[in-house]
Amino acid sequence: MKVAAVQHDIAWEDRDATLEELTRRLATIEADLIVLAELFAVGFTMAREVAEPPDGPTTQWLVSQAAARAAWVGGSIPVVLAGADRPSNVFTLASPTGEVHRYAKRHPFAYAGEDEHYAPGDARVTVDVDGVRTSLTVCYDLRFADAYWPLAADTDLYLVVASWPQARRHHWRTLLAARAIENQAYVVGVNRVGSGGGLDYAGDTCIIDPLGEVLASAAAVETVVLADVDPAVVAKVRAELPFLVDRRND
């Protein structure tokens, strides 16, 4: 399966402008799975005004892009889920046939006050994407190994969509590799570039294989990172190096 990780800038709190630009960019991409950044249409903002219902305009845009590209397309959106009194940061993944899968970020970034504005999710989500068992995570989740370990046995590919600041870019790159190595799975980390909300973003989007080798990566420019992921490679690595069977929940 060919994965396209789209490293892009975001027009701060301007959904229409960002989606217009992303529509243009996605039209040039040929891939089975296209991944955008965290809060990809508006930036990592705490403004309640940008939140949408589950079937809001950004979700509908993902659905339309998935159909037009005949690909899976996803990224996170500020969504007010049914029965909630505030938004969640929801990784929303649309299939080419119109199915929508949602993962609400389980670890809001309290250091930046995200926990005061976004409700945490309580469920892990793994989706069969064209035969690749794909688990959805968002930004700050990356710092918590125990968010990834319970999914490992049934995961070939972890997706991490992010607005990870330039000041801690070394942490980003190190943790992505760690999650791949310890879980013997592919990791696709998609981070934005540009500036927004007083922060600068360096990108460093990358695709890492189950042995921790970087298959493709990006500098701090708008670009698309492409690589193939193969569940047979995951199975081979785990058979030859059967480390996961020794994992305990100490």
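Helices here are DSSP runs of H or I with at least four residues, strands are runs of E with at least two, and both are numbered from the N terminus. By that definition helix α3 covers residues 114-117, and E114 sits in it.

Before I go on, the basis. This is a predicted model, in which local features need pLDDT of at least 70, side-chain atom pairs count only at pLDDT 80 or more, and totals for chains, interfaces and linings use all residues. Residues are numbered from 1 along each chain as its sequence is written, and side-chain values use heavy atoms, with hydrogens and water left out.

Now the overall picture. The protein has five helices and 14 strands. Its radius of gyration is 17 Å, close to the 18 Å that the globule rule gives for 250 residues, so the protein is as compact as a globular protein of that length. The radius is taken over C-alpha atoms, and the rule is 2.2 Å times the number of residues to the power 0.38. The C-alpha trace spans about 50 × 40 × 35 Å along its principal axes.

Of the 250 residues, 54% count as buried. Buried means under 20% relative accessible area, exposed means over 50%, and partly exposed is in between, with a 1.4 Å probe and protein chains only. As for contacts, meaning heavy atoms within 4.5 Å, residues 24 or more positions apart account for 65% of those with a separation of 6 or more.

Back to E114. Is this residue buried or exposed? E114 is buried, at a relative accessible area of 0%. Its side chain makes a polar contact of 2.8 Å with the side chain of K105. A polar contact is a pair of N or O atoms within 3.5 Å; within protein, one must be able to donate a hydrogen and the other to accept it, and residues adjacent in sequence count only if both atoms are side-chain atoms. Beyond four places in sequence, E114 is in contact with residues including E38, F44, M46 and N89.

Compare E99, in the loop between β4 (88-94) and β5 (100-104). E99 is partly exposed, at 45% relative accessibility. Leaving out residues up to four places away, E99 touches L93 and A94.

Last, the backbone. Most residues other than glycine have a negative phi. L39, in the loop between β2 (33-35) and α2 (57-69), has a positive phi of about 45 degrees. L39 is buried, at 0%. C139 also has a positive phi, near 40 degrees. C139 lies between β7 (132-138) and β8 (157-162), in the loop, and counts as buried at 8%.
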